Amino acid sequence: MLSLNWHRALSLFLLIAPHVLLGVLAVILYKRRLYREFPCFFVYVLYEIAKFIPLFALYSVQGVTGKQYAYAYCVTLLISIVLRFGVIDEISRNLFRESQFLKVAARRSLQCVTGLFLGAGALLAVYAPGGNSAKWYAGIFVVNRGAAMVQSGLLLALLLFSRFLGLSWRRSAFGIALGLAVLTSLDLAMFALRAAFTSEAAANFLDLLITGTYLVCVSIWIGYLLAPELELVSPTVVAHDEVETWNRELQQLIKQ
Amino acid sequence: MISQAMIAAWIFVAVAFFALGILVYVAIRSRTRRIDLEKAVQSFRSLDIEAFRNLVDSGEDAFLRDNLPPRKFREIKRRRAWAAFIYAWEAGRAAAALAKIGQAAQRSSDPEIAASGVQVAENAFRLRLQTIGACLHLLTEVLLPDLRSPSLPPLVDEYERAAETLFRLGRFSSRVQGLARPKSA
């Protein structure tokens, strides 16, 4: 039986709670037929739930060594990183889908931003490799730190770009982007510290923070997907004579 | 002594929290931001396109270059470029507001308003991106007034196209209540 102390109890809660909520999120995505709009995000959510079951089993079973758990964790983490890139691509497609012009122009700009971030991530992995730990999984933390940097940078660029252009987000897409951006930003901080601090106490504390962050992000996703879509309407009264005045002004402007 | 790895780790933490701060700001602003057709049209109206055309006229620049001492020319060129930069910046802001209105109209149940909304949004996006190019171009002129740079992107044409589509949308919205909603008390 698992020996329970406060740290263990909190760890268990933070491990289990986000995945239960991910189950709720999957149901919401299915019920609201959002899996059609965001298939990659739906797969990501299902994958996160599916990967948790064997990982939690390995974590709980007495005979499993730390090394075996670390192997399994790293393999599943790498797949998660790939899926997150897919989700970001899906969000950007969703954002630009209503404009033929932006489909080409904005996506090309985003590809340039991706190239820049990937280059920066690769350089940082070489020149700022983290701690001097000989443990192989410290390398995985450096890889995840680099991926988190690229992903949070991309999402931030997407949010700022859309704001700059006056692009309107669908509430669901904005929620997914925001949750993922918070997750990747905090992953960047946590995995940078995880790569630098390799003592067991620091690792345990940072693991708690990482799982806690995950709980917050899943809550953001659920909150935004449950919230009703905001109607995009002008809050001003458009009086007929006022419109006529605008029309006259604009006609004059065009004639100039 | 703090190792290089530690410094790098804390820099990453700082970058991550900076990104988080921007995210929180964007999330809060997206909740409070409203589309104001009136304000967008007012900002569009307030721009004197003829004055802008004059400020970026390469013929005027050539005349000033030929008739003024280099130092005076640089000073005047900087002022003209800065004034044009402010025009372009304001046009960009108006374009962003118009893009929002265009997207709102795009979702209207009236096909005419929806079609007009598509045009407004597309023109506004084009204008917004062109104003970015124009602003960069004008900032270069502020910093390097002696540089003989190529002419500005067709910002004025794009501005007029956006104004034309806005005029069309205004005409539709005057007869259909789909786009407008009464202001809450």
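The model is predicted: local features need pLDDT of at least 70, side-chain atom pairs count only at pLDDT 80 or more, and totals for chains, interfaces and linings use all residues. Residues are numbered from 1 along each chain as its sequence is written, while chains are lettered from A and ligands numbered from 1 in the order in which they are written. The model scores ipTM 0.72 and pTM 0.76.

**Chain architecture**

- Chain A contains nine helices and zero strands; helices (H or I, at least four residues) and strands (E, at least two) are DSSP runs, numbered from the N terminus.
- Chain B contains seven helices and zero strands.
- Of the 256 residues in chain A, 34% are buried; a residue is buried if 20 or more other C-beta atoms lie within 10 Å of its own, exposed if 12 or fewer, and partly exposed in between, with C-beta atoms placed from the backbone.
- Of the 185 residues in chain B, 38% are buried.
- In chain A, 78% of the contacts with a separation of 6 or more are between residues 24 or more positions apart; two residues are in contact if their C-beta atoms, placed from the backbone, lie within 7 Å.
- In chain B, 73% of the contacts between residues at least 6 apart in sequence join residues at least 24 apart.

**The nonpolar core**

- The largest nonpolar core has 86 residues, and those with the most contacts inside it include A:Leu155, A:Ile176 and B:Ala84; such a core is a set of buried Ala, Val, Leu, Ile, Met, Phe, Trp, Tyr and Cys residues joined through C-beta atoms within 7 Å.
- Helix H7 (residues 171-196) of chain A gives the most to this core, with 18 residues.
- Chain B contributes at least three residues from each of domain 1 (1-33) and domain 2 (36-175); these bounds come from an automatic or database domain assignment.
- Leaving aside neighbours within four places in sequence, A:Ile176 is in contact with A:Phe38, A:Phe41, A:Val87, A:Ile91 and A:Trp221.

- Helix H5 (residues 100-127) of chain A has 28 residues and, at 1.5 Å a residue, should span 40 Å; its end C-alpha atoms are 41 Å apart, which agrees. The expected span is 1.5 Å times one less than the number of residues.
- Within H5(A), the residues A:Leu102, A:Ala106, A:Phe117 and A:Gly121 are buried.
- A:Lys67 belongs to helix H4 (residues 66-96) of chain A, and A:Lys67 is exposed because 11 other C-beta atoms lie within 10 Å.
- A:Arg33 lies in the loop between helix H1 (6-31) and helix H2 (34-37) of chain A, and its phi is near 55°, a positive value in a residue other than glycine. Most residues other than glycine have a negative phi.

**Confidence**

- Chain A averages a pLDDT of 81, and 83% of its residues score at least 70; pLDDT is the predictor's confidence in each residue, from 0 to 100.
- Among the elements of chain A, helix H9 (residues 240-255) has the lowest mean pLDDT (44) and helix H3 (residues 39-60) the highest (92).
- Chain B averages a pLDDT of 74, with 71% of the residues scoring at least 70.
- Over residues 174-185 of chain B, pLDDT stays under 50. Where pLDDT is low, the predicted coordinates should not be read in detail.
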